[in-house]
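Here is a friendly walk through one model, starting with its pockets and moving on to its core and charged pairs. Have your viewer ready.

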Amino acid sequence: MPAYYLEAYVVVLGLVLLMAEAFGPSSRKSYLGAFAVLGLIGALFMLGFAEAPSADNREMQRFYEFDAHAKFYKGFALVCALFVTILAVDFRRILSDFTEDPGSEDGTGEYYCLPLFACAGMMWMASAVDLVSLFVALELVTITFYVLVAYMRRNVGSLEAGVKYLILGALSTGFLVYGIAWIYGTTGTTNLAEIAQVLEANDGLATTPLFFGLALIILALAFKVGAVPMQIWIPDVYQGAPTPTTAFLSIGSKAAGFAVLIRTLEPFLEAPVTAKQTTVVLFILSALTILAGNLAAIAQSNFKRLLGYSSIAHAGFILLAVTAWTQGSDTTQSSKEVVGFYLTTYLIMTLGVFFVLSAIRKATGSEEISAFEGLGRRNPFLALCTAILVSALAGLPLTAGFLGKFLVFQTAIGHPDPELQKLLWGAIGVGFIGVAAGFYYYLKVIRSMYWVAPQDEHPLRLSAASGLLIPVFALATIILGIYPQPILWLVGS
C-alpha cells in the first residue's frame, strides 16, 4: 500500500465524521470521538503495511518521501491524535459549557474531527522533501489549530489565545514563504535533495542570500517548535486554549515541527560550506530557549502556563541535540535518534500530566497550582502518579525524562569537531542551569499535593479513561527510565 494512502484515509475519516456530526443527534456527540479513536487505531495498523511511492511515480517522489524518519513521525502523529481525542471525549462537559447550551453537546462534535485534519497535515510534514509540499502541510496543521485554540468561543481566554496564535502564525508563514523564495533564488530548486547537491558542489554559490533565506526558514520553524525568538505565543495560548488542544500543541505540533526542522536543516548541517554557520545559529537559539523557558516558569502559579514555559524549555533541549549534529556510531545514537527518543518520552510524560490536569479541572474548576493542594489526601494514588510524571519532566534519575536529557548532553559532549565543541560546552552549562530551575518549579506541584492542606476534603474521583491511562503513563515513565531499549529500537529502526 502506498504510504500516501494514510493521509488520504485520515482526511476522508475526518470528512465522514463531519458529515455524521452535521446530520446526527445533537444531544450526544461522544460517539464521534469513539469512531475517531477506532479510525486512528486502524491507521496505525495500516502504517505497518505502508510502502514508499513506486519509482514510476516520479512526481510524488519529488514531494513525498517514506523512509524510517517519516514512518516514525507518522506513527507519532497518529498516537498523539489518538490520545488527544480520548482526552477530548473526557473533557467534553467543559467544552459544551463554553460552546453551546451546557446541557447539550451540539457544539462539541467538530472538536473530534479537527484533530484528524491536523494529524493528516503532521503526517504529510514528516514525508515532505520539498519546501513547497512542506509549506502546504504546515499550513494545513496551522489553520486547523487556529480553530482548535479558539474553540471555546464563550471563553474570553480561548478567544484571546486564538487571536494571538493567528497573528503570530501568519507572521511565521510570511517568514517561511520569504525564506523559501530566497533559497530557491540561490539554489534554483525547492527540493531538499537537490539543495543538498548544490551545497555539496558549491559551484560559485552566493552564501549571503542563502543564509538569509535559511535564517527566515529557521525563524518560521522556531514558531512551530516553540523556540526563541518565536516562543512568546506559547504561555498565553497554552493557558487559554482547551486542555486537549494544549496537549496536542505541546506534543504533536512540536514533534511535527522537529520532523520538518531536521529534514530541512540536514543538507545545511552536512555541507561544509554551511555547517559551521548553521550550528552557531542553532547553538544560540537552543541556549536562549533553555534559559527563557526554565527561568520564566519559576514564577508561574497557573499549571497550564507553567507547562507552556516548560514546553519552551524542552524545545531548547531537543534543539541542542540537533545543534550537536552527528550520524552516530555503533555505541552512540545519532542526533535524529536522540530527538526521536526525547520526543517519545516527552509524549508519554506530557500526555499523563494533561490527563491529570483535565481531572483536576473537572473536579475543582481551576487550573492553578493551588488546585492540586491536598491531592495526597483526596486521591493518594492520583497524587503518586502525578508526582512521578512531574518528576520525570524535571529529569529525575530512573525516569524516562532523565534519560532524554542524558542522551542530549552525551551527544553534545561527543561532538567530533573540537572548535564547535567549545560552543556546545557552553550550551551544556546552560542546560544544567535549566535542569536545576526545572526541579524547582516542578517540585512546587509536589509540595502543593503533600505539604498543603486541601481546601476541599471530599475525595477526588477519576473518569474511567483517566483512571486507566494516568497509571499507565506513570508506569511507562518508570519502566522506560530503567529499560529504554524499546524506544531506542523504535527510533533506530
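## The second largest pocket

The lining of the second largest pocket divides into four nonpolar, nine polar and seven charged residues. The volume is about 220 Å³.

A pocket here is an open set of points on a 1 Å grid over the protein atoms alone, where a 1.4 Å probe fits, with protein on both sides within 12 Å along at least five of seven lines; lining residues have an atom within 4 Å of a point. Volume is the space filled by probe spheres set on the points, which are joined across faces, edges and corners. Helices are DSSP runs (H or I, at least four residues), numbered from the N terminus.

## About the model

This is a predicted model, in which local features need pLDDT of at least 70 and side-chain atom pairs count only at pLDDT 80 or more, while totals for chains, interfaces and linings use all residues. Residues are numbered from 1 along each chain as its sequence is written, and side-chain values use heavy atoms, with hydrogens and water left out.

## The largest pocket

The largest pocket holds about 660 Å³ of space. Its lining has 26 residues, with F72, Y73, T344, L490 and V491 nearest the centre. Of the helices, α4 gives the most to this lining, nine residues. By class, the lining has 15 nonpolar, seven polar and four charged residues.

## Charged pairs

The whole structure has ten salt bridges, each a side-chain nitrogen of Lys or Arg within 4 Å of a carboxyl oxygen of Asp or Glu. One joins D236 and R305 at 2.8 Å, N to O. This pair links helix α11 (residues 234–240) to helix α14 (residues 303–323), 69 residues apart.

Another joins K336 and E266 at 3.3 Å, N to O. K336 lies in helix α15 (residues 335–364) and E266 in helix α12 (residues 243–270), so the pair ties together parts that are 70 residues apart in sequence. Through shared partners, salt bridges join E160, K164, D236 and R305 into one network.

Technical notes
Helices (H or I, at least four residues) and strands (E, at least two) are DSSP runs, numbered from the N terminus. Ala, Val, Leu, Ile, Met, Phe, Trp, Tyr, Cys and Pro count as nonpolar, Asp, Glu, Lys and Arg as charged, and the others, Gly among them, as polar.
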